[in-house]
Amino acid sequence: MNIILLGAPGAGKGTEASKIVDTYKLPHISTGDIFRENIKNQTPIGVQAKSYIDQGLLVPDEVTCKIVEERISREDCKNGYMLDGFPRTIAQAEALDKSGIDIDCVLTLEVGDEEIVERLSGRLECKICGSSFHKDHRKPKAEGVCDNCGGTLRTREDDKPDVIRARLKTYYEQTAPLKEFYAKKGMLKTVIGKNEIASTSAEVLKVLGV
Ligand code: ADP
Ligand code: ZN
C-alpha cells in the first residue's frame with residue numbers, strides 16, 4: 001500500500017498521516033521532517049534546505065527527489081509507505097511516475113485559507129517528538145510541555161506570519177496543480193478537514209476503505 005497525502009500547509013497532513021500509518025502499519029515518510037532532522041544535525045542537505053524553508057520556498061526538486069528515493073529504497077518500505085509532503089511539484093510527481101512506483105491512493109485534505117493561517121500561527125511543536133499542539137484549540141495539559149514525551153514546545157521557525165503567507169503562495173502555485181494531475185489519473189480522493197480531529201480522521205480512514 002503506497003499512499004500520498006496532499007494538502008496546504010496546516011491542513012493537518014502530519015496528524016492524519018500518523019493515524020494512517022498506525023492503522024496500516026506503514027512507515028511515515030515526511031519530507032518536512034527529514035529536512036528538519038537534517039537542519040538540526042547541520043548536514044549539507046540541512047544547510048541547503050534551511051535557506052529555502054526559512055523563506056517559505058520549496059527545496060529544489062533534485063535534492064528532494066534524492067532523499068525520497070534513498071528513503072523508500074530501505075528495507076522497511078518493502079510493503080508500502082505513506083508519503084507526507086511529497087510530491088509537492090509536478091516535476092516531483094513525474095519523477096515518482098518514472099521510477100515505476102505504484103501509488104494506490106492520493107488523498108488531499110482541504111482546509112480554507114483563514115483556517116490555515118489561524119492554525120499555523122498558533123501551532124506549537126514538540127522539540128523532541130514533533131507532536132503538534134495549538135495555543136488555543138489544542139492546548140497541552142501543561143503550558144509549554146508536550147503531553148506525549150514531556151519535551152519543550154516551541155513555534156516552528158517557518159510558522160511566522162510572513163513565512164506562512166509565502167508557504168501558502170508556494171502551495172497554490174506549485175503544489176495545488178497536483179490535484180488535477182492525480183484527478184486526471186482517477187487517483188484523487190478528497191477529504192474536507194474539520195476542526196475536530198476525530199471526525200477528519202474517521203473520514204480519512206473511510207475514504208481509504210478501512
Ligand atoms: P507544511 O506542510 O506544514 O508546510 P512540511 O513539514 O511538510 O510543512 O514542510 C516544511 C518545508 O519543507 C516546506 O515549506 C518546504 O520548504 C520543505 N519541503 C517539504 N517537502 C518538500 C518537497 N516535497 N519539495 C520541496 N520542499 C519540501
Ligand atoms: Zn513530545
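These legends describe close-up views of a predicted model. Local features need pLDDT of at least 70 and side-chain atom pairs count only at pLDDT 80 or more, whereas totals for chains, interfaces and linings use all residues. Residues are numbered from 1 along each chain as its sequence is written, ligands are numbered from 1 in the order in which they are written, and side-chain values use heavy atoms, with hydrogens and water left out.

**View 1. The crossing of helix 2 and helix 4.** The axes of helix 2 (residues 31-40) and helix 4 (residues 61-72) come within 11 Å and cross at roughly 100 degrees, so helix 2 is roughly perpendicular to helix 4 (65 to 115 degrees). Helix 2 contributes Thr 31, Ile 34 and Phe 35 to the contact, and helix 4 contributes Val 63, Thr 64, Ile 67, Val 68 and Arg 71 (heavy atoms within 4.5 Å). By class, this contact has five nonpolar, two polar and one charged residues.

**View 2. The shell around ligand 1.** Ligand 1 is surrounded by 20 residues, the closest being Thr 31, Leu 57, Gly 85, Gln 92 and Arg 167 (a heavy atom within 4 Å). Seven residues of the shell are nonpolar, six polar and seven charged, and helix 2 gives the most to the shell, with four residues.

**View 3. Polar atoms facing ligand 1.** A polar side-chain atom of Lys 13 lies 2.9 Å from an oxygen atom of ligand 1, and an N or O atom in the side chain of Arg 88 is 3.1 Å from an oxygen atom of ligand 1. From Gly 85, a backbone N or O atom lies 2.8 Å from a nitrogen atom of ligand 1. Taken alone, ligand 1 exposes 540 Å², of which the protein buries 96% (Shrake-Rupley method, 1.4 Å probe).

Terms used. Axes fitted to C-alpha atoms, helices over the stretch in contact; angles between N-to-C directions. Helix = DSSP H or I, 4+ residues; strand = E, 2+ residues; numbered from the N terminus. Parallel < 35°, antiparallel > 145°, perpendicular 65-115°, else oblique. Nonpolar A, V, L, I, M, F, W, Y, C, P; charged D, E, K, R; others polar. Polar contact = N/O pair within 3.5 Å; in protein donor to acceptor, adjacent residues only side chain to side chain.
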